[in-house]
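Hello,

Here is the structure I promised to pass on. Please open it first, then read my notes below.

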Amino acid sequence: MKFFLFAFWSFHFGHNYVPLQNSDTLALEKYLQINNIKTEKTSDGIYFSTDVEGKGALPQSGDYLQIQYTTELLDGRVVDSNERNVPFIFQLGFRHVLPIWDNMLSQFKIGSTVSLFVPPEMAYGSAGYTSIPPNTPVIFKIKLEKILSISDYEASMKAVEDIERAEFKKKEIAIFDADNKTIDAYIAKNKLKIEKTPSGARVVVNKSGSGAKITNGQKVSVFYEGSFLDGKVFDSNFGKTPFSFIVGEGKVIAGWEESIKLMKNKSESTVLLPSRLGYGATPLDDGKIIILGNSILVFKIKVVEVQ
């Protein structure tokens, strides 16, 4: 799905509907009857009302259509909507949305506000979708804002990508700041003496080892144990075959690449990593190891050989 940065519309439909519990198509018909909602009905069984009739053009298949929308259940819950300040854009007739949208929205002029009262079999069926239970009627409230030219559409996509990138970065910074506060509190509580890498890995040297510090290009073999701050171990190779990698080739997580360079041959360290120096927001689950997204990680590392 693609979105476009645009001034946010707050649109209202002028109804104070009596909520109903969700069940099936009969519940939808009862809902309309109880609330005395005047609708038209298509041959496919879709009830709809035109709450505001627009004066613009009728959208055609292939048009890039910009809309505002909400998805509601019969009990009044809003379960989906376009993102705040970002209208939703899609190419009509290209199966980018539910078939009901492709089929119905070409019937309403730009500027229209419409409500679609959709039985389960024409919405999300017996499978349901995220917060929409199986066999549930839904109400789509849609405002058709405008038809975009190809150049406007492409510009909108770039604007959305810029927004999403900035929002991701902002969230990443907030998580990193929170991780650092948590790690620093852990260090203070346990009275640890640390060295800190430029990117924020904290290294507690338990045994200094011998020789020069490890550098890029060297092959390092280690025993390690990975855990969370609460001490729960998620992985270990102690008592097994040492794990080997060449420093600087990016074959291990960023926190390892940095912290290993503060170590020497035969040294032993405990490494505390903010989540972005570990696996970041991406959860890890290979059937044996489970690491939730944005997890702070702790590694005990013992260097057994440097080549």
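Lys158 and Asp162 are joined by a salt bridge, with their closest N and O atoms 3.2 Å apart. By salt bridge I mean a side-chain nitrogen of Lys or Arg within 4 Å of a carboxyl oxygen of Asp or Glu. This is a predicted model: local features need pLDDT of at least 70, side-chain atom pairs count only at pLDDT 80 or more, and totals for chains, interfaces and linings use all residues. Residues are numbered from 1 along each chain as its sequence is written, and side-chain values use heavy atoms, with hydrogens and water left out.

Back to the pair. Lys158 and Asp162 are separated by about one helical turn, because they sit 4 residues apart in helix H3 (residues 150–190). Helices (H or I, at least four residues) and strands (E, at least two) are DSSP runs, numbered from the N terminus. Lys158 is exposed, at 52% relative accessible area. Asp162 is partly exposed, at 34%. The cut-offs: buried is under 20% relative accessible area, exposed is over 50%, and partly exposed lies in between (1.4 Å probe, protein chains only). The pair also belongs to a network of salt bridges that links Lys158, Asp162 and Arg165.

Helix H3 holds another pair. Glu172 and Lys169 meet in a salt bridge of 3.6 Å, N to O. They are 3 residues apart in the helix, about one turn. Glu172 is partly exposed at 25% relative accessibility. Lys169 is partly exposed too, at 43%.

How many salt bridges does a search of the whole structure find? The count is 8.

**A salt bridge between strands**

Glu225 and Lys300 also form a salt bridge, at 3.9 Å from N to O. Glu225 lies in strand S11 (residues 219–227) and Lys300 in strand S17 (residues 297–306), so the pair ties together parts that are 75 residues apart in sequence. Lys300 is partly exposed, with 45% relative accessibility.

The two strands are paired as well. S11 and S17 run antiparallel and are joined by 8 bridges. Strands count as paired if DSSP finds at least two bridges between them. Phe223 stands opposite Lys302 in S17. Strand S14 (residues 268–273) also runs antiparallel to S17, with 6 bridges. There, Glu268 has Lys302 as its bridge partner.

Is strand S8 mostly covered or mostly open? It is mostly covered: 9 of the 11 residues in S8 (residues 138–148) are buried.

Two strands pair with S8. Thr70 stands opposite Lys141 in S8. Strand S7 (residues 113–118) is antiparallel to S8 as well, over 6 bridges. Here Thr113 stands opposite Lys143 in S8.

**Loops**

Please look at these loop residues.

- Asn135 lies in the loop between S7 and S8. Its phi is near 55 degrees, a positive value in a residue other than glycine. Asn135 is partly exposed, at 39% relative accessible area.
- Lys266 lies in the loop between helix H4 (254–259) and S14. Lys266 has a positive phi of about 70 degrees, although it is not a glycine. At 41% relative accessibility, Lys266 is partly exposed.
- Leu58 is found in the loop between strand S3 (47–52) and S4. Leu58 is partly exposed, at 38% relative accessibility. Leu58 and Gly111 are 53 residues apart in sequence and 9.9 Å apart in space, C-alpha to C-alpha.

**A negative patch**

Which residues form the negative surface patch? They are Glu83, Glu161, Glu164 and Glu167. Patches are made of residues with over 30% relative accessible area and no salt bridge; like charges are joined within 9 Å, and nonpolar side chains (Val, Leu, Ile, Met, Phe, Trp, Tyr) within 5 Å. Asp and Glu count as negative, Lys and Arg as positive; His and the chain ends are not counted. Glu83 is found in the loop between strand S5 (78–81) and strand S6 (88–91). Glu83 is partly exposed, at 39% relative accessibility.

Best wishes

Note on methods:
Areas by Shrake-Rupley, 256 points an atom, 1.4 Å probe, with all protein chains shown as cover. Charge placed at Lys NZ, Arg CZ, Asp CG, Glu CD.
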